[in-house]
Amino acid sequence: AQSVTQLDSHVSVSEGTPVLLRCNYSSSYSPSLFWYVQHPNKGLQLLLKYTSAATLVKGINGFEAEFKKSETSFHLTKPSAHMSDAAEYFCVVTGGSYIPTFGRGTSLIVHP
Amino acid sequence: GAVVSQHPSRVICKSGTSVKIECRSLDFQATTMFWYRQFPKQSLMLMATSNEGSKATYEQGVEKDKFLINHASLTLSTLTVTSAHPEDSSFYICSARDHGQGADSPLHFGNGTRLTVT
């Protein structure tokens, strides 16, 4: 069995300040973890992935995430938010079944 | 990178008619595609897993006779909403995994189809 918990439904930041989107997972198998971004009325775009290589994963658009097995976490961060980062973000886990499980999503709001 | 093309992006149909949505992997082969439904401000709900050359696997509560899935080739899966009703109005998204990249490789998503049934 596997599950994903995105701890915040909304995160609000000012432009130029750091972003932290939290994700905790559970999996009976060694998990593969992903972060996706969705802009309004669009499909999902892959930001980054963890598949048992380096625990600190760098993605596109300046995002990165760190896999912490002891905390079962895979939080997404970015040092400085841009207005264009405003979107919905989904944390996804794939375990033994290889059918991905989605978190509920976190809406990132960026204020000027 | 891998591209998934989903058409149409928007469709409006009358109650009782059927609508077909296509999902194509443009530069890779996909033995498995997933169909999702997304309600406003909510996460993606997996409807079914589409397997090339065999019957789709539907999630509990999804009517297989209403949401017909056909995966006739390694690059094309279709979802047909039969006898559509207003409650079927939603955002439908397909995704595909590159057959050559392994079962834990990331999914590639289409841009979604906004279905409105009047």
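Author: B:K66 and B:D88 are both buried (under 20% relative accessible area; exposed is over 50% and partly exposed in between, with a 1.4 Å probe and protein chains only). The model is predicted, so local features need pLDDT of at least 70 and side-chain atom pairs count only at pLDDT 80 or more, while totals for chains, interfaces and linings use all residues. Residues are numbered from 1 along each chain as its sequence is written, chains are lettered from A and ligands numbered from 1 in the order written, and side-chain values use heavy atoms, without hydrogens and water.

The side chains of B:K66 and B:D88 form a salt bridge, at 2.9 Å from N to O (a Lys or Arg side-chain nitrogen within 4 Å of an Asp or Glu carboxyl oxygen). B:K66 sits in the loop between β6 (57-58) and β7 (67-73) of chain B, and B:D88 in the loop between β8 (76-81) and β9 (90-97) of chain B, so the pair ties together parts 22 residues apart in sequence. Strands here are DSSP runs (E, at least two residues; helices are H or I, at least four), numbered from the N terminus.

Over all chains the rule gives five salt bridges. Another one joins A:R22 and A:D8, at 3.0 Å from N to O. A:R22 lies in the loop between β3 (19-21) and β4 (23-27) of chain A and A:D8 in the loop between β1 (2-6) and β2 (10-14) of chain A, so this pair ties together parts 14 residues apart in sequence. A:R22 counts as partly exposed because its relative accessibility is 33%. A:E64 and A:K58 also pair, at 2.8 Å from N to O. A:E64 is partly exposed at 23% relative accessible area, whereas A:K58, at 65% relative accessibility, counts as exposed.

Between chain A and chain B the count of salt bridges is zero. There, 19 residues of chain A are in contact with 21 residues of chain B (heavy atoms within 4.5 Å). The elements giving two or more residues to chain A's side are β5 (32-38), β6 (44-50) and β10 of chain A. β5(A) gives the most, four residues.

A:D85 is placed in the loop between β9 (73-78) and β10 of chain A. Leaving out residues up to four places away in sequence, A:D85 touches A:F63, A:K78, A:S80, A:L108 and A:V110.
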